[in-house]
Amino acid sequence: MKIHQIELENFKGFESCNFNFSDNFTLLIGDNGTGKTAILDALAIGAGSLFLAFDEVPSRNILPDEIRVVRHQKGQTITENRQYPVSVTCEGIVVGKKINWTRQILSSEGRTTRSSAREIQEISKQSQQQVRRGEDVLLPVIAYYGTGRLWLQKKEKSVEPVKPGSQMLGYVDCLEPISSHKQLLRWWKTMEMASIQRGEKIRILEAVKAAISNCLEDWKNVTYDLLEDDIVATAKDGNILPFRMLSDGNRNMLGMVADIAYRAGVLNPHLEAESTRQTPGIVLIDEIDLHLHPKWQRRVVEDLRRTFPEIQFFATTHSEHIIQSLRPGELINLDERRGEYYNKSIEDITEDIMGIELPQRSKRWHDMMRAAEEYYGLLQEAKNANPERLKELKIKLDKLTVPFSDDPAYEAFLKMERLAALGEKA
């Protein structure tokens with residue numbers, strides 16, 4: 001399942017707009033109040049349409065406070081009026097088929113409709129029937145991790161093992177931005193107990209542990225300790241800590257990665273050890289940089305796409321380090337500022353993309369300026385140089401551009417100046 005485009009009408013702060021998304025990772029940036037979280041909420045409605053025919057999982061409807069409100073002043077009185085129709089329209093691929101679907105509220109007396117989402121509803125119905133027949137159907141992970149994913153976590157007094165249940169347990173509370181790890185803990189404890197009882201590794205559990213190790217480079221092992229009755233992590237230096245005693249950044253990432261991997265394994269048990277790598281889906285993350293050190297922010301996007309290569313991620317951030325790690329086509333700037341960003345300096349991203357003026361520039365920027373000044377000086381000398389000196393100067397000119405060959409625009413500009421000054425052929 002992938003969503004390639006979404007169109008919003010009277011949804012939260014958006015009167016009418018549409019957005020196109022990358023196939024693998026899309027990052028939303030913008031000032032507070034520009035609608036980053038609103039787009040994630042709309043995507044949750046779109047992705048949640050997959051549950052329209054599921055008996056055990058509720059679909060995500062448009063909520064009353066998601067209807068756009070317009071304020072009018074009449075004399076000294078201010079009135080507020082909700083705007084209709086409200087609609088969320090998605091275009092994407094579901095079970096290999098390109099479809100469009102719409103959820104909308106037509107009037108103040110209406111509810112969220114499903115009449116324009118019949119195609120995805122039929123896919124939903126077929127998927128549920130396949131699960132009940134015991135067929136190996138590939139179910140996509142759908143999950144939403146809001147900014148409350150860490151703050152409200154509480155240690156359970158006692159974690160009870162889970163009994164065998166439907167694959168649909170992988171969708172329980174999946175679109176609740178305030179996450180709960182209760183179901184994950186119960187499942188993990190059950191798998192650890194089963195592993196001990198059978199005297200063999202449970203492949204789906206090993207896939208979850210491998211996913212965590214892939215994203216948490218400072219921790220060599222994560223397991224469920226039956227005596228602690230909690231997830232326990234072992235650091236590379238040998239230090240052992242229960243989940244509740246980890247730093248906020250480690251708890252944030254461990255909890256989120258484990259939850260995605262757990263859902264992939266529960267939804268697609270037939271994939272076993274390959275469940276994290278082969279399960280598709282849509283994952284929404286509000287403030288992906290939450291509690292992460294800048295060094296970790298710089299690599300978290302690549303960690304997630306490497307660990308879950310078939311999942312389409314949507315995230316928001318205020319971090320320049322996250323922006324710096326993106327590939328072309330993965331940024332949506334709601335402030336409507338544009339610029340190249342991959343591997344650019346933090347200072348350049350802050351000023352050129354995020355619109356914050358800085359009194360200083362990066363070391364790379366200064367190096368490029370010095371190289372350009374020296375380059376121009378050599379060009380002026382070369383205009384009147386004898387053949388032997390001209391040969392030496394051309395070698396120096398070539399060497400000056402080498403350190404910045406990853407910046408095509410800079411290199412091309414200097415080359416054009418050289419052609420004009422020396423009369424060389426392109």
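Two strands count as paired if DSSP finds at least two bridges between them. With that in mind, please note that this is a predicted model.

**Paired strands**
- Strand E1 (residues 2–11) pairs with strand E6 (residues 86–94) through seven bridges, in the antiparallel sense.
- Glu 9 has Ser 87 as its bridge partner in E6.
- E6 also runs antiparallel to strand E7 (residues 97–105), and nine bridges join the two.
- To find a spot along this pairing, look for Glu 91, whose bridge partner in E7 is Asn 100.
- E6 and E7 form a hairpin with two residues between them, and in the turn Val 95 has a positive phi of about 45 degrees.

**Helix H1**
- Helix H1 covers residues 36–48, and at 1.5 Å a residue its 13 residues should span 18 Å.
- Because 12 of its 13 residues are buried, H1 is largely enclosed by the rest of the structure.
- Among the buried residues of H1 are Lys 36, Asp 41, Leu 43 and Gly 48.

- Met 193, Ile 196 and Leu 226 make a nonpolar surface patch of about 270 Å².
- Leu 226 sits in the loop between strand E9 (219–225) and strand E10 (230–235).
- With a relative accessible area of 35%, Leu 226 is partly exposed, a term used for residues between the 20% limit for buried and the 50% limit for exposed.

Terms used
Residues are numbered from 1 along each chain as its sequence is written. This is a predicted model: local features need pLDDT of at least 70, side-chain atom pairs count only at pLDDT 80 or more; totals for chains, interfaces and linings use all residues. Side-chain values use heavy atoms; hydrogens and water are left out. Helices (H or I, at least four residues) and strands (E, at least two) are DSSP runs, numbered from the N terminus. The expected span of a helix is 1.5 Å times one less than its number of residues. Buried means under 20% relative accessible area, exposed over 50%, partly exposed in between (1.4 Å probe, protein chains only). Patches are made of residues with over 30% relative accessible area and no salt bridge: like charges are joined within 9 Å, nonpolar side chains (Val, Leu, Ile, Met, Phe, Trp, Tyr) within 5 Å. Accessible areas come from the Shrake-Rupley method with a 1.4 Å probe; for residues, only the protein chains shown count as cover. A salt bridge is a side-chain nitrogen of Lys or Arg within 4 Å of a carboxyl oxygen of Asp or Glu.
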